[in-house]
Number of protein chains: 2
Amino acid sequence: MHLEFRHLRTIRAIHQAGGLARAADLLNMTQSALSHQVKGLEDQAGIELFVRRSKPLKLSVAGLRMLKLAERILPEIDALEDDFKALKSGKTGRLHIAIECHACFDWLFPVLELFRRAWPEVDVDIRAGLAFEALPALMREEVDLVISSDPVKVAGMIFNPLFDYHPMFVGSASNPLAAKDVIVAEDFRDQMLITYPVSRDKLDVFTEVLTPAKVEPRGLRQVELTAVILMLVGSNRGVSVLPDWVLRDVRSNADYVTRPLGPGVIMRRLYAATREEDAMKPFMAHFIKLARSEPVKLQRG
Amino acid sequence: MHLEFRHLRTIRAIHQAGGLARAADLLNMTQSALSHQVKGLEDQAGIELFVRRSKPLKLSVAGLRMLKLAERILPEIDALEDDFKALKSGKTGRLHIAIECHACFDWLFPVLELFRRAWPEVDVDIRAGLAFEALPALMREEVDLVISSDPVKVAGMIFNPLFDYHPMFVGSASNPLAAKDVIVAEDFRDQMLITYPVSRDKLDVFTEVLTPAKVEPRGLRQVELTAVILMLVGSNRGVSVLPDWVLRDVRSNADYVTRPLGPGVIMRRLYAATREEDAMKPFMAHFIKLARSEPVKLQRG
DNA sequence: TACAAATGTGAGACAAATTCATAATTCTAA
DNA sequence: TTAGAATTATGAATTTGTCTCACATTTGTA
């Protein structure tokens with residue numbers, strides 16, 4: 001059966017208008033065209049859709065069944081078009097975020113929570129799983145925004161700066177390093193270093209401190225959760241380097257010491273990478289604005 | 001936006017097959033045709049439905065929205081076709097009944113109840129309102145079956161005999177006519193006659209007794225409900241003539257007397273009129289079978 | 001970089017839907 | 001009952017749109 005939307009519209013129009021001729025007007029076509037169409041449809045369906053004994057054409061049982069379908073389906077088409085309009089105007093869309101920095105969960109959640117309230121129609125998600133190759137995923141539209149601290153010049157991609165942070169040393173108060181004011185590469189030589197389970201070029205300790213100084217720590221341990229890292233550090237099972245915003249709560253805790261890395265001041269900048277086309281979408285701009293201001297507020301308390 | 005079912009099928013196939021070329025196979029068309037179609041669809045929608053940066057073509061956000069629609073709508077089309085097949089094979093359908101004889105409610109309800117259980121898919125209804133012109137309504141497919149006791153030879157219409165019945169006189173036990181064994185036309189001259197509110201040619205008392213004898217009763221009263229007629233008769237406010245099956249309960253009631261009409265035995269036959277095309281439909285045949293046997297059983301108790 | 005795999009494009013063939021003109025019904029009211 | 005109005009049906013010509021074929025272009029991969 002070769003059904004088309006045209007046929008559903010026809011059925012509905014004939015029912016509404018109470019006849020074929022009037023329906024033709026509704027649909028902006030000639031009465032003849034409708035007559036042909038109805039005939040063709042009935043031939044296809046192999047069943048009479050109309051009662052022809054009476055003069056203003058009337059729906060048969062089968063026709064009524066089809067009318068029901070039409071009345072269920074046609075509004076859905078209109079809804080689709082509305083959705084597309086909303087998509088085009090940027091009122092709605094998708095914001096799937098990939099994070100390269102594991103610790104970003106901490107400020108991202110509150111930001112997303114705020115965002116969700118302002119843009120309930122936007123489909124938000126965080127994809128931690130494919131943290132490895134986030135930028136290609138962004139290009140393929142598998143995600144829509146990547147949080148990264150390594151801006152790359154790629155055509156079609158924009159890196160919007162968010163905020164700066166300091167990678168900070170954190171250790172147990174009973175650790176000998178607690179005596180120092182600034183921690184340098186050499187200090188790690190005798191330490192067990194705890195990091196997130198990602199490659200070295202994604203870890204500030206290595207890119208900013210250890211790799212340039214060609215220093216290798218005594219041992220390495222990879223742990224997924226920030227809370228667990230802090231627990232291990234607290235019981236002096238190792239030391240770690242974490243962004244300052246993560247250490248907000250730890251600073252006022254006597255079990256821990258936090259120290260800047262040295263010798264010079266080390267500062268890093270986070271970026272939100274988006275596709276060029278998306279960058280000007282209203283909801284995207286709003287998200288970036290929130291991601292700029294909210295984490296700073298959080299850090300202040 | 002000029003959406004067609006074809007497009008929904010395409011979207012679904014491309015998603016399933018994970019690419020345009022494979023989808024073309026699924027749909028039995030060339031890859032080229034699909035490419036043209038997708039381009040046309042995107043032009044119409046004014047929005048990208050696919051991500052083209054990656055090579056096996058992939059759905060975009062808008063495309064996913066459309067996929068959802070496709071997955072909701074396409075099964076409904078299949079369901080429609082199934083329904084049409086069932087309609088054609090007569091498993092389902094409509095059985096709207098018009099009754100010319102008012103008292104037929106009494107046996108029709110139990111029959112319909114039985115029928116409904118056997119053919120739950122058939123849409124049943126009784127139309128009492130248009131009792132006047134039932135046969136034309138049957139021709140126009142406004143109803144599908146007419147209960148009548150006046151068979152007429154009309155092309156395209158079949159009168160299936162159901163069962164015979166006797167119109168019976170019913171009066172109060174305190175009515176003088178209770179003394180007679182058989183009631184004849186003359187006996188009505190002094191009586192208030194209670195009938196259903198329909199024309200005389202649809203009432204057995206008139207067609208079979210009074211009109212041939214040119215007798216007019218003392219008075220006439222039209223009442224809609226059988227129970228009310230019996231109530232009035234019971235309190236001797238009038239007499240009536242009803243089919244024997246209606247008087248089943250009354251016979252054993254000392255307040256009433258029931259008598260045959262005379263002088264000869266008067267017998268009438270009920271028919272179920274259907275359109276020729278419908279007569280052989282399984283559910284129709286079944287209904288007629290029930291309407292033949294069940295009322296007889298009911299009458300026996 | 002070269003080769004394979006996938007998608008895009010243009011022209012012509014073909015099918016299907018529409019229109020125009022007109023015929024054939026059915027309805028309605030005198 | 002019948003004329004005239006209203007409604008639907010039909011045939012031929014035209015238009016519209018979709019498909020295929022052949023080839024170009026792009027993207028992925030070893």
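Q: What is the make-up, by class, of the surface near DNA strand C?
A: In this predicted model, the surface near DNA strand C has 11 polar, 7 nonpolar and 5 charged residues.

Q: Which residues come nearest to DNA strand C?
A: There are 23 residues around DNA strand C, and the nearest are A:S32, A:A33 and A:K55 from chain A, with B:A21 and B:S32 from chain B.

Q: And which elements give two or more residues there?
A: On chain A, helix 3 (31-45) does; on chain B, helix 2 (20-26) and helix 3 (31-45) do.

Q: Which of them gives the most?
A: Helix 3 of chain B, with 6 residues.

Q: Switching to the two protein chains. How many residues of chain B are in contact with chain A?
A: 30 residues of chain B are in contact with 30 residues of chain A. On the chain B side, helix 4 (61-89) and strand 3 (93-99) are the elements that give two or more residues. Helix 4 of chain B has the largest share, at 14 residues.

Q: What about classes on that side?
A: The side of chain B that touches chain A has 16 nonpolar, 10 charged and 4 polar residues.

Q: Which way do strand 3 and strand 4 of chain B run?
A: Strand 3 and strand 4 (residues 122-127) of chain B run parallel and are joined by 6 bridges. One bridge partner pair there is B:G93 with B:V122 in strand 4.

Q: New topic, the open sheet of 5 strands in chain B. What is the order?
A: The order is 9-8-10-7-11, and the pairing is mixed. Strand 9 (219-222) and strand 11 (256-260) of chain B are the edge strands, each pairing on one side only. From one strand to the next the twist averages 30°.

Q: In what sense do strand 8 and strand 10 pair?
A: Strand 8 (residues 192-195) and strand 10 (residues 239-243) of chain B pair in the parallel sense, over 2 bridges. Within that pairing, B:L193 stands opposite B:V239 of strand 10.

Q: Which helix lies across strand 7, strand 8 and strand 10?
A: Helix 7 (residues 204-213) of chain B, which runs at about 90° to strand 7 (167-172) of chain B. Helix 8 (residues 226-234) of chain B also packs on the sheet, touching strand 7, strand 8, strand 10 and strand 11 of chain B. The direction of helix 8 makes about 50° with that of strand 7 of chain B.

Q: One residue in helix 8, B:L230. Buried or exposed?
A: B:L230 is buried, because 22 other C-beta atoms lie within 10 Å, and the cut-off for buried is 20 or more.

Q: How far is B:L230 from B:G171?
A: Their C-alpha atoms are separated by 8.7 Å, though the two residues are 59 residues apart along the chain.

Terms used. Residues numbered from 1 in each chain as written. Chains lettered and ligands numbered in written order. Predicted model: local features only at pLDDT ≥ 70, side-chain atom pairs only at ≥ 80, totals over all residues. Pairing = 2+ DSSP bridges. Helix = DSSP H or I, 4+ residues; strand = E, 2+ residues; numbered from the N terminus. Axes fitted to C-alpha atoms, helices over the stretch in contact; angles between N-to-C directions. Contact = placed C-beta atoms within 7 Å. Near = placed C-beta within 6 Å. Nonpolar A, V, L, I, M, F, W, Y, C, P; charged D, E, K, R; others polar. Buried ≥ 20, exposed ≤ 12 C-beta atoms within 10 Å, placed from the backbone.
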